[in-house]
Amino acid sequence: MTSVRFRSVSKRFGALVALDSLDLDIEAGEFVSLLGPSGSGKSTTLNLLAGLQEADEGEIWVGDRLVNGVSPDKRDIAMVFQSYALYPHMTVFENIAFPLRARRPRVPEAEIEKLVVRVADLLGLGELLARYPKELSGGQQQRVALGRAMIRDPKVFLLDEPLSNLDARLRMRMRHDLKSLHQRIQSTIVYVTHDQAEAMSMSSRIAVFNKGKLQQYASPHEIYHQPANTFVANFVGDREITFVDGRVEMLAGEVQFAAGEFNLPLLAETMDFSRIAGRHVRMGLRMESLRITEQSGSRAIAATVTQTEPSGPDLVVFASAPGGAELCCRAEAGARIAIGDRVNLELVPEHVHFFDPATGNSIAADIHSHPDRSLGGRTMASNNQ
Ligand SMILES: Nc1ncnc2c1ncn2[C@@H]1O[C@H](COP(=O)(O)OP(=O)(O)OP(=O)(O)O)[C@@H](O)[C@H]1O
Ligand SMILES: [Mg+2]
């Protein structure tokens, strides 16, 4: 178990800044995901840590050791890639044992046997040791690749999109398995993915990247509930978030969100919206930010249903608001709601996110009336989308 630290680490490829002054602390034993869209700098970060590329600036620490300039094989780090090449002519046993066989002085055969069996048992491969890779499912092959990394007993595991070649069901299963594996072996894991659900389900903390810049580094809960900016808010969650621009105004003795086509009261126990009265804001709405209500008129949005989507226990309702915003909320699975129906939607202010339209940064800290109770989210960068 070892900690990892990036201190102002930058990497350029010609004129392109692949990684821009990254500061990141990973505690020993953490499972940290690097999450972001294609080209955001995730693999670059991992490659710099593994020593496959060298940083242009900054320091990288593994435990109390500065590893800039240290060759990959001396860093005590194991990496599993998306394309986990197993040796086709070797059995599962030999594939896992491979790193030990390459070791000098030689590792005694009995010791190799003991270690391989232990790792195979941890990964549920005990029965498959005599098979060849072509006789395994994708998920089993993936676990063999993991086993080959684990056998070295590295201080840190780096996994770069290791599940992306697997089908959806198997990915879910592997997520679960990886998480319990981590609980058992307690190693430090740095996991690269562009799949937010994967990152949310496994990580102790998530580092969200965009265009080479760290946007936010926090727990999955915080990333989802207190996104630092519009980029993070839109990138996490199962569906895209809807943004609506408007102004916070005092109307009829009440704080309201005025979007031109509709006004909505802003009232929540833990928030004081009067603090941002007069400001232009960008409101971010997820499914849970709205609910269908009986009340109409000035306290709800009269929207027209454009689509419904059964989703297990819920019915997801898509509706278009006056002014054109596409909204979405949940209804009960059996609800009689059809395309073309009018529904009244009210805000659930606790689940609405507010941003500065100019910078895209969250303004939650300005609204929250108990700042020390829940707002630990650190804003790392404005996103200027
Ligand atoms: N060896 C290289 N030479 C030139 N440009 C590179 C090189 N490696 C990466 N880049 C560029 O650096 C940026 C960051 O790349 P990186 O591989 O870190 O992205 P990523 O977040 O891992 O994306 P993906 O999800 O597609 O794997 C990209 O714009 C990429 O094109
Ligand atoms: Mg990558």
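## Packing of α2 and α4

In this predicted model, helix α2 (residues 92-101) packs with α4 at an angle of about 30°, their axes lying 7 Å apart. Axes are lines fitted to C-alpha atoms, for helices over the stretch in contact, and angles run from 0 to 180 degrees between N-to-C directions. The two helices are therefore roughly parallel to each other; angles under 35 degrees count as roughly parallel, over 145 as roughly antiparallel, 65 to 115 as roughly perpendicular and the rest as oblique. The crossing of α2 and α4 is right-handed, meaning that the near helix is turned clockwise from the far one by less than a right angle. Val-92, Asn-95, Ile-96 and Pro-99 of α2 meet Val-144, Gly-147 and Arg-148 of α4, where contact means heavy atoms within 4.5 Å. By class, the contact of α2 with α4 has 4 nonpolar, 2 polar and 1 charged residues. Ala, Val, Leu, Ile, Met, Phe, Trp, Tyr, Cys and Pro count as nonpolar, Asp, Glu, Lys and Arg as charged, and the others, Gly among them, as polar.

Helix α2 is mostly covered, with 7 of its 10 residues buried. Buried means under 20% relative accessible area, exposed over 50%, and partly exposed in between, with a 1.4 Å probe and protein chains only. The buried residues are Val-92, Phe-93, Asn-95, Ile-96, Ala-97, Pro-99 and Leu-100. They pack against α3 (109-122) and α4.

## The six-stranded sheet

An open sheet of 6 strands has mixed pairing and the order β6-β7-β8-β3-β9-β10. Strands β6 (77-80) and β10 (213-218) are at the edges with a single partner strand each, so one side of each has no neighbour in the sheet. On average, neighbouring strands of this sheet are turned by 15° against each other, direction ignored. Helices (H or I, at least four residues) and strands (E, at least two) are DSSP runs, numbered from the N terminus; two strands pair if DSSP finds at least two bridges between them.

Strands β6 and β7 run parallel and are joined by 4 bridges. Val-80 stands opposite Leu-159 in β7. The bridge partner of Leu-159 in β8 is Tyr-191. Strand β7 (residues 156-160) pairs with β8 (residues 188-193) in the parallel sense over 5 bridges. In a regular strand the side chains alternate between the two faces of the sheet. In β6, Ile-77 and Met-79 point one way and Ala-78 and Val-80 the other, and all are buried.

## Helices on the sheet

Helix α1 (residues 42-50) lies across β3 (31-35), β6, β7, β8 and β9 (205-210), and runs at about 150° to β7. Helix α4 (residues 138-150) also packs on the sheet, touching β6 and β7, with its direction at about 170° to that of β6.

## Ser-289

Ser-289 is in the loop between β14 (280-285) and β15 (290-293). Its relative accessibility is 0%, so Ser-289 counts as buried. Leaving out residues up to four places away in sequence, Ser-289 touches Gly-284, Glu-346, Leu-347, Val-348, His-351 and Val-352.

## Whole protein

The protein has 10 helices and 20 strands. Its C-alpha trace spans about 80 × 50 × 40 Å along the principal axes. Of the 385 residues in the protein, 50% are buried. Among contacts between residues at least 6 apart in sequence, 65% join residues at least 24 apart.

## Conventions

Residues are numbered from 1 along each chain as its sequence is written, and chains are lettered from A and ligands numbered from 1 in the order in which they are written. In this predicted model local features need pLDDT of at least 70, side-chain atom pairs count only at pLDDT 80 or more, and totals for chains, interfaces and linings use all residues, while side-chain values use heavy atoms, with hydrogens and water left out.
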